[in-house]
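Subject: Structure handover

Hello,

Please find the structure below.

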Amino acid sequence: KQKCLQPSFSPPLTLVLMVASAAIGGTLQYGYNLAIMNAPTAFIQAFINETFLERWDIQLEGYQVTLVWTIIVSIFSLGGFAGALIAGPMTISFGRKKCLLLNNVFLMSGSLFALTSRAAKSFEMIIISRVLIGINAGISMNVQPMYFGECAPKHLRGAISLSSAVFTAFGVVLGQVVGLREILGSESCWQYLLACNAIPGFIQLLTLPWFPESPRYLLIDRGDKEACMDALRRLRGCEVQSSELDEILQEQAETRGVRPSRPWELFTDRSVRWQLISVIIISSAMQLCGNDSIYFYSSYVFKEAGISDDQIQYFTIGTGTCEFTACIMCNLLVERKGRRFMLTGGFLLMTIWAVVFTVALHYVSWMPYLSVACVFTYILSFGMGPAGVTGVLPTEIFNQATRPAAYMIAGSMMWLNLFIVGMIFPFLVVSLLEYCFVPFGAVCLSSALYIGLFLPETKGKSLSAITREFNKLNFKGQDKLSESQTETQYQLGEVGLSTAF
């Protein structure tokens, strides 16, 4: 192996392939399953009505069909919530890589239920399928950024972790394209549309076993130094740098003898108070801003904006393409501009476009196309920061003992808020009319203010340095001696670990 003399901003091939393998069966599934429910709306609603008529000779009212359909769409979020809750214990017991592989059990089961639902004449099987695939997405959204963040070198940590958002956006575009009437979005093919997410799962099962486990998990959780060194060599494409190994060893020393935290224990741990507040606020804002709900009901949004039925499916593809493009741009910029800049900028731009959208709906006579433009720019702004950076934060601001629990809390907040917004979004559009984006704009503005005022920058910093910055908030008002002693302990730990190898 060649020796790495200085950081390279071109990631090694093994790391790139590992990212692709994990993401294609991971967060890509989240984006795909957000997007595919638009195309078959009318067909599945007709299927629900036919099922009731055949079984019980009952003709459902329009609102009853809509209620069942809303449950099918939104139950995905409750599955994701369940997945977020079990993701932490799974990563501790099985490791990051094996957890992603085992996660395909939920995906394959859900795809099988979706595929056979039509032949079985059971809309309940679609609901079960959505729950199982939601569990798969909930686990992926927690485990994949953690896996990437622990495998990436410090100078590429943000960009590598942010690739989760890139694949989510790609999944959205893929779902929208596959859902076209000319492909699988027709009356005869909707069951295949719901089930073909098994294909990326099969690709992951065939490829991911060839890549290494997270080096941090191997050393800190399993105490296997040789496996950690081997994983680092493979992921870096060269010999291990002593500074990187020292950082992992320091984290091991700080968490030695400490069992992994449970989620509820973080709420009483003063040393992670502001980290937890930050994760809860930003993870909630990611859904309360309304962006992902647009994917659930994009056809509905564009119809309300005055777009003709024939054109809606093509406008819908534009929403996913906007986020995909923005996520790639964010991936290129995050290591140059930093996390706080991208998050604050994204939320501020979303606030501006929410205001413009409201004005367009209220005053402009040619509002359909201006309104659509505002939706696109809103999604672009979301992709430029909140879409990806939100998933990076728990890896960077929590240590190995608290990280799984932090991801469980972050994921739970994200999925619960997605469910709530997904359920109320159509009613919000109907009741608030041209002011429907005002609540979302308020959430974006509040989030931008919080991030700008309280969130420290984490770009290129070690966990110890980030912890010291948060301790200024966590222990504000305590005597200077305590803070000085804590800093001295970190410095002594760094010196000791540097000489240990």
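A patch is made of residues with over 30% relative accessible area and no salt bridge; like charges are joined within 9 Å, and nonpolar side chains (Val, Leu, Ile, Met, Phe, Trp, Tyr) within 5 Å. Accessible areas come from the Shrake-Rupley method with a 1.4 Å probe, and for residues only the protein chains shown count as cover. A salt bridge is a side-chain nitrogen of Lys or Arg within 4 Å of a carboxyl oxygen of Asp or Glu.

Two remarks on the source. This is a predicted model, in which local features need pLDDT of at least 70 and side-chain atom pairs count only at pLDDT 80 or more, while totals for chains, interfaces and linings use all residues. Residues are numbered from 1 along each chain as its sequence is written, and side-chain values use heavy atoms, with hydrogens and water left out.

The chain as a whole

The chain has 25 helices and zero strands. Helices (H or I, at least four residues) and strands (E, at least two) are DSSP runs, numbered from the N terminus. Of its 501 residues, 56% count as buried; buried means under 20% relative accessible area, exposed over 50%, and partly exposed in between (1.4 Å probe, protein chains only). The accessible surface of the chain is about 20,400 Å², and carbon and sulfur atoms account for 66% of that. Contact means heavy atoms within 4.5 Å. Among contacts between residues at least 6 apart in sequence, 84% join residues at least 24 apart.

The nonpolar patch

Leu348, Leu445, Leu449, Leu453 and Phe454 make up a nonpolar patch on the surface, and together they have about 460 Å² of accessible area. Helix α23 (residues 438–454) gives the most to this patch, with four residues. Leu453 is in helix α23. Leu453 counts as exposed because its relative accessible area is 64%.

Salt bridges

The structure holds 12 salt bridges. In one of them, the side chains of Glu124 and Arg55 meet at 2.7 Å, N to O. This pair links distant parts of the chain, with Glu124 in helix α7 (residues 123–151) and Arg55 in helix α3 (residues 41–56), 69 residues apart. Glu124 is partly exposed at 29% relative accessible area, and Arg55 is partly exposed at 35%.

Glu335 and Arg339 also form a salt bridge through their side chains (3.2 Å, N to O). Salt bridges with shared partners join Arg157, Glu335, Arg339 and Glu396 into one network. Both Glu335 and Arg339 are buried.

Two serines

Is Ser111 buried or exposed? Ser111 is buried, because its relative accessible area is 4%. Ser111 sits in helix α6 (residues 104–120). The side chains of Ser111 and Asn197 are joined by a polar contact of 2.6 Å. A polar contact is a pair of N or O atoms within 3.5 Å; within protein, one must be able to donate a hydrogen and the other to accept it, and residues adjacent in sequence count only if both atoms are side-chain atoms. Leaving aside neighbours within four places in sequence, Ser111 is in contact with Ile133, Ala195, Asn197 and Ala198.

Ser462 is in the loop between α23 and α24 (463–474). Ser462 is buried, with a relative accessible area of 17%. Not counting residues up to four places away in sequence, Ser462 touches Lys154 and Glu247.

Regards
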